[in-house]
Amino acid sequence: MHTIRPGVLGDIPQIAAIYDRILGQEEAGLAAIGWIRGVYPTRATAQAALEKEELFVLEAEGAVAAAARINQAQVPEYARAPWKWTAPPEQVMVMHTLVVDPAQGGRGYGSGFVQFYEDYARERGCPFLRIDTNAKNAAARQLYRRLGYREAGIVPCVFNGIPDVQLVCLEKFLDT
């Protein structure tokens, strides 16, 4: 059984450890996410989300197994994406930096978190959903596609301090 709840200060070390495990897998060639240790994500990434009350965690068996930032902040790169749905900003919800602890993979936590995100957006009157990921992150792209997200386009950029990113912009419209 798991619960998704707002993050608290005590969650930050666990989230930073998840980032570290994912970065370790990438450095070992076991995963392709497109992140760089010490650049993004860092402990400060989770801390900033907590300070703005935008951090959410999935807790399973008393530990943080997944986390993400959810808000209405569209990154500047989104202005260059060919979105199918033109949406007023106040009706757009964005999920940033979804992470699932590699040790907890295969348990449906990523899908469960996306469902939480969709419910959260719907409850706040935001039927337009946007997410991004690095084109290198085949696993995330496959998950989002399976959950009904459409790849609007790929924006070449420097993203969160990481050079040469091919930013995949994804969208979904929630029928009300």
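Helix 4 (138-146) gives the most to the lining of the largest pocket, seven residues; helices here are DSSP runs of H or I, at least four residues, and strands are runs of E, at least two, both numbered from the N terminus. A quick word on the model, friends: it is predicted, with local features needing pLDDT of at least 70 and side-chain atom pairs pLDDT 80 or more, while totals for chains, interfaces and linings use all residues. Residues are numbered from 1 along each chain, and side-chain values use heavy atoms, without hydrogens and water.

Back to that pocket. A pocket is an open set of points on a 1 Å grid over the protein atoms alone, where a 1.4 Å probe fits, with protein on both sides within 12 Å along at least five of seven lines; lining residues have an atom within 4 Å of a point. The lining has 46 residues, and Ile33, Leu98, Val99, Asn137 and Ala140 lie nearest the centre. Besides helix 4, the elements giving two or more residues include helix 1 (12-27), helix 3 and strand 7.

Seven strands form an open sheet in the order 1-2-3-4-5-7-6, with mixed pairing; two strands pair if DSSP finds at least two bridges between them. Strand 1 (2-6) and strand 6 (150-159) are the edges, each pairing on one side only. Strand 1 runs antiparallel to strand 2 (55-60), joined by five bridges, and there Thr3 stands opposite Glu59.

And what does helix 4 lie across? Strands 4, 5, 6 and 7, where contact means heavy atoms within 4.5 Å.

Methods:
Axes are lines fitted to C-alpha atoms, for helices over the stretch in contact, and angles run from 0 to 180 degrees between N-to-C directions.
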